[in-house]
Amino acid sequence: MKVRTILLADLDYFFAQCEELRDPTLKSKPVVVCVYSGRSEDSGAVSTANYIARKYGVKSGIPIFLAKKKLQDTDAVFLPVDHTFYEEISDKIMQILRGYADLFEQVGIDEAYLDITEKTQGNFEEARELAQKLKEEVKNKQRITCSIGIGPNKLVAKIAADNQKPDGLTAIKPEEVKSFLFPLPVNRLIGVGRRNAEKMETLGIKTIGDLAKYDAQRLVEVFGKRLGVYFHEAANGEDDSPVQESGETESISKISTLKENTLDFGLILEKANNLCEGIHRELSQRRLYFKQVGIIAVMADMSIRSRSETLTKATNELQALKKTVNGLIEKFLSESNQEVRRIGVKISHFTKEHDEQKRLTSFFETN
Ligand code: TTP
Ligand code: MG
């Protein structure tokens with residue numbers, strides 16, 4: 001397989017950094033950005049916090065009252081989320097990042113993958129220089145710092161970016177992947193949540209290296225085929241998922257509130273299946289094929305989580321939609337320790353029926 005050079009840029013403590021940008025006097029204080037649920041004055045959860053607040057143990061997802069307690073003797077500032085403002089800044093930064101990439105894929109509001117294989121001719125020293133330039137441009141033009149990971153694939157780039165924060169830069173060459181990954185705790189792998197990590201611990205797996213060396217067949221027996229195979233490959237630093245340009249930004253999504261907050265797979269799936277049917281009706285009317293499927297979960301504390309999967313081939317089938325959503329929810333719940341309040345389904349990366357048929361025809365003609 002061709003050696004690729006993939007870069008992940010993750011903006012540092014993003015919402016809180018945006019607030020510091022708007023009011024530079026905040027820079028010397030703990031800053032906590034909050035999602036207030038409105039049920040009572042301090043109910044809700046922390047969206048993110050700057051690094052000063054993090055020193056006191058404040059982090060994404062904890063209750064606001066707990067953050068207040070941890071910061072009670074400080075001059076901490078608590079602010080409500082202002083998505084419109086953060087999106088404006090994010091859009092400008094993403095535009096800069098796009099200019100450095102052969103292929104560009106934005107993930108969420110503050111992260112993007114860049115395939116820079118051609119731009120750097122597969123040379124990791126050049127990749128490092130490109131990353132340095134990119135960081136400087138973002139800092140000079142938008143006054144925002146970011147942390148960057150570089151690796152031979154998206155999986156390694158992502159873990160590398162988490163290696164040094166804030167304002168970090170970590171580049172892992174293909175021959176360094178194993179020595180970089182193996183000593184890390186197994187929960188640093190995307191997809192290994194608390195529950196899976198606990199299960200692994202009972203098998204004697206503590207580090208990514210332990211997981212990589214564990215019998216692959218046995219992993220499949222314990223975690224099922226999809227996850228078992230994924231864990232084996234991921235722990236060995238293997239990942240061939242492409243950096244995916246999002247052609248049309250258009251998507252179809254539906255979201256619905258559950259009867260009660262729950263972690264019950266059956267209840268959540270039933271609701272999600274109804275949403276799939278509604279989405280599929282709209283899809284059929286518009287004669288579209290989709291290639292990406294996502295789920296959105298609003299948790300009991302009102303925080304929002306999402307997961308998505310890119311299919312190997314575009315489809316318009318309800319069964320394929322339901323099956324993918326089923327898999328995403330199952331994996332999501334295995335990693336979640338909090339109850340779900342609302343569940344949503346989203347499809348995107350559309351192609352037209354007409355184009356899909358044309359592609360098939362040319363496939364048959366050339367084969
Ligand atoms: P992250 O990149 O996960 O976090 P961060 O940018 O705040 O911090 P880091 O320096 O570690 O990258 O998430 C990006 C933004 O998404 C974050 O600023 C706020 C929001 N967010 C939530 O609202 N809830 C959450 O649970 C998380 C993890 C993030
Ligand atoms: Mg970030």
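Strands here are DSSP runs of E with at least two residues, helices are runs of H or I with at least four residues, and both are numbered from the N terminus. Hi everyone, with that settled, let's start with Pro80, which lies in strand β4, residues 77-80.

Before going on, a word on the model. This is a predicted model, where local features need a pLDDT of at least 70, side-chain atom pairs count only at pLDDT 80 or more, and totals for chains, interfaces and linings use all residues. Residues are numbered from 1 along each chain as its sequence is written, chains are lettered from A and ligands numbered from 1 in the order in which they are written, and side-chain values use heavy atoms, with hydrogens and water left out. The pLDDT is the predictor's confidence in each residue, from 0 to 100. The chain averages 92, and 94% of the residues score at least 70. Over residues 361-367 the pLDDT is below 50, and beyond near neighbours in sequence that stretch has zero contacts in the model, a contact being heavy atoms within 4.5 Å.

Back to Pro80. Leaving aside residues up to four places away in sequence, Pro80 touches Glu19, Val33, Cys34, Tyr36 and Tyr86. Pro80 counts as partly exposed because its relative accessibility is 47%; buried means under 20% relative accessible area, exposed over 50%, and partly exposed in between, with a 1.4 Å probe and protein chains only.

Next, Ser43, in the loop between β2 (31-36) and β3 (44-49). Why does Ser43 count as buried? Because its relative accessibility is 18%. The Ser43 side chain makes a polar contact with the side chain of Ser37, at 2.7 Å. By polar contact I mean a pair of N or O atoms within 3.5 Å; within protein, one must be able to donate a hydrogen and the other to accept it, and residues adjacent in sequence count only if both atoms are side-chain atoms. A polar atom of the Ser43 side chain also lies 3.5 Å from the backbone nitrogen of Arg39. Not counting residues up to four places away in sequence, Ser43 touches Val35, Tyr36, Ser37, Gly38 and Ile64.

Now the ligand. Which residues are closest to ligand 1? They are Tyr13, Ser47, Thr48, Tyr51 and Arg54, out of 13 residues that surround it, where near means that a heavy atom of the residue lies within 4 Å. Oxygen atoms of ligand 1 are 3.1 Å from a polar backbone atom of Leu11, 3.0 Å from a backbone N or O atom of Phe15, and 2.8 Å from a side-chain N or O atom of Arg54. Two or more residues of the shell come from each of β1 (6-11), α1 (14-22), β3 and α2 (51-54).

Finally, some backbone geometry. A cis peptide bond joins Lys165 and Pro166, with omega about -5 degrees, and Pro166 sits in the loop between α6 (154-163) and β8 (169-171). Gln121 is not a glycine, yet has a positive phi of about 50 degrees; its place is the loop between β6 (111-115) and α5 (124-142). Gln121 is exposed, with a relative accessible area of 66%. Met302, also not a glycine, has a positive phi of about 80 degrees and lies in the loop between β10 (288-299) and β11 (304-315). Met302 is partly exposed, at 26%.
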